[in-house]
Amino acid sequence: MPGAVILLNPRSRSGGSVAIGRLLEPFHDAGWSVELWASEGVDWTYPAAVRARDSGVDAIFGAGGDGVLAQILPAILNTDVALGVIPLGTGNVWARELRLPLDPRRAIIAQLGAPPARVDVGLANQRPFLVITSFGLDARIVEMVESDTGAKALGQLAYPLAGLALASGLRGTPTRVWLNDDDPVELILLAGIVTNGQLYGGVVPIVPQARIDDGQLDVALFVGGGPLEATAHAARVLAGWHQARSDVVMRKVTHARFESIGQPLPIQADGDLLGATPLHVAVQPSALLAFGVNLATRVD
């Protein structure tokens with residue numbers, strides 16, 4: 001009988017109100033043994049994931065937001081322990097990237113209905129990430145939302161509202177950029193995004209052709225000097241018109257480096273703040289065994 005551990009973050013957006021029985025029942029119905037572990041502590045998830053891994057379980061399911069997945073990830077990279085997600089957070093970006101139902105019970109059923117598969121993982125200054133690392137505007141948006149409990153209560157709506165609040169004061173930053181082994185170029189950047197998937201924030205297709213299992217990451221760099229250009233970029237991304245623009249650099253990479261010329265820019269990865277530039281990114285191909293991949297890579 002396969003076995004799983006659920007690591008529950010009670011402090012996530014819905015983690016304190018979810019019915020525990022609704023989380024356990026789909027595992028039992030699918031013939032799995034399962035235990036649920038929870039803690040109010042901030043730093044308990046990673047050591048708990050290590051303990052679960054070493055106990056010989058087949059899967060660890062993160063019940064919460066993308067933050068709990070980020071804590072589990074380093075414990076199971078390059079192992080045969082599969083990652084699952086139970087979406088209870090603010091953004092639920094990984095669950096959305098996998099096209100999972102956002103109802104926790106239905107999400108579990110969908111994942112257990114097919115075997116896990118290998119996906120790539122990104123590294124941002126050596127920190128693993130599942131979906132996106134970014135610097136500049138996007139990192140400032142994450143910083144604003146994560147520091148405001150009221151904003152987090154708005155769910156996905158919090159991110160565009162924070163972007164609108166920040167846009168009026170936005171200025172492009174001279175940045176030196178290395179993509180793969182190319183010579184460096186200098187750009188005035190409003191925002192830089194490196195993604196392992198298709199969706200920005202789990203909602204907007206920023207790189208529709210991206211795959212989480214192709215051994216590469218996708219870079220989107222938005223060039224411009226001020227708020228008017230930032231607003232125009234945002235409108236084109238929403239409309240899907242940004243990829244053919246000369247002021248948007250789109251590239252597939254296995255590694256890249258971004259270095260601010262002057263004031264450092266904030267960095268985030270999967271919703272966690274990681275300090276400031278310089279940022280070095282690299283891909284680890286097929287480093288993670290994950291549930292739900294059959295949904296993410298299907299052709300509609």
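Isoleucine 132 stands opposite threonine 195 in strand 9. Strand 9 covers residues 185-195, and strand 7 (residues 132-136) pairs with it in the antiparallel sense over five bridges; two strands pair if DSSP finds at least two bridges between them. Strands (E, at least two residues) and helices (H or I, at least four) are DSSP runs, numbered from the N terminus. This is a predicted model, in which local features need pLDDT of at least 70 and side-chain atom pairs count only at pLDDT 80 or more, while totals for chains, interfaces and linings use all residues. Residues are numbered from 1 along each chain as its sequence is written, and side-chain values use heavy atoms, with hydrogens and water left out.

Strand 7 also pairs with strand 15 (residues 266-269), again in the antiparallel sense, over three bridges. There the bridge partner of serine 134 is glutamine 268 in strand 15. Strand 7 is mostly covered, with five of its five residues buried. Buried means under 20% relative accessible area, exposed over 50%, and partly exposed in between (1.4 Å probe, protein chains only).

The next element is helix 5, residues 104-112, whose buried residues are Pro104, Ala107, Ile108, Gln111 and Leu112. Seen down the helix axis, these buried residues fall within an arc of 120°, so they line one face of helix 5; the arc is that of the directions from the helix axis to the C-beta atoms. An α-helix has 3.6 residues a turn, so residues three or four places apart point the same way. The cover over the buried residues of helix 5 includes helix 1 (20-29), strand 3 (59-64) and strand 4 (82-87), where contact means heavy atoms within 4.5 Å.

The aromatic rings come next. Rings of Phe, Tyr and Trp (its six-membered ring) pair if their centres lie within 6.5 Å; planes under 30 degrees apart count as stacked, over 60 as edge-to-face and the rest as tilted. By this rule there are five aromatic pairs. The ring centres of phenylalanine 27 and tryptophan 32 are 6.3 Å apart and the planes stand at 75°, so this pair is edge-to-face. Phenylalanine 27 is buried at 0% relative accessibility, and tryptophan 32 is buried at 12%. Tryptophan 32 also forms an edge-to-face pair with phenylalanine 291, at 6.0 Å centre to centre and 65° between the planes. This pair links distant parts of the chain, 259 residues apart: tryptophan 32 is in the loop between helix 1 and strand 2 (33-38), and phenylalanine 291 in the loop between strand 17 (279-290) and helix 10 (293-296). Ring pairs link Phe27, Trp32, Phe61 and Phe291 into a cluster.
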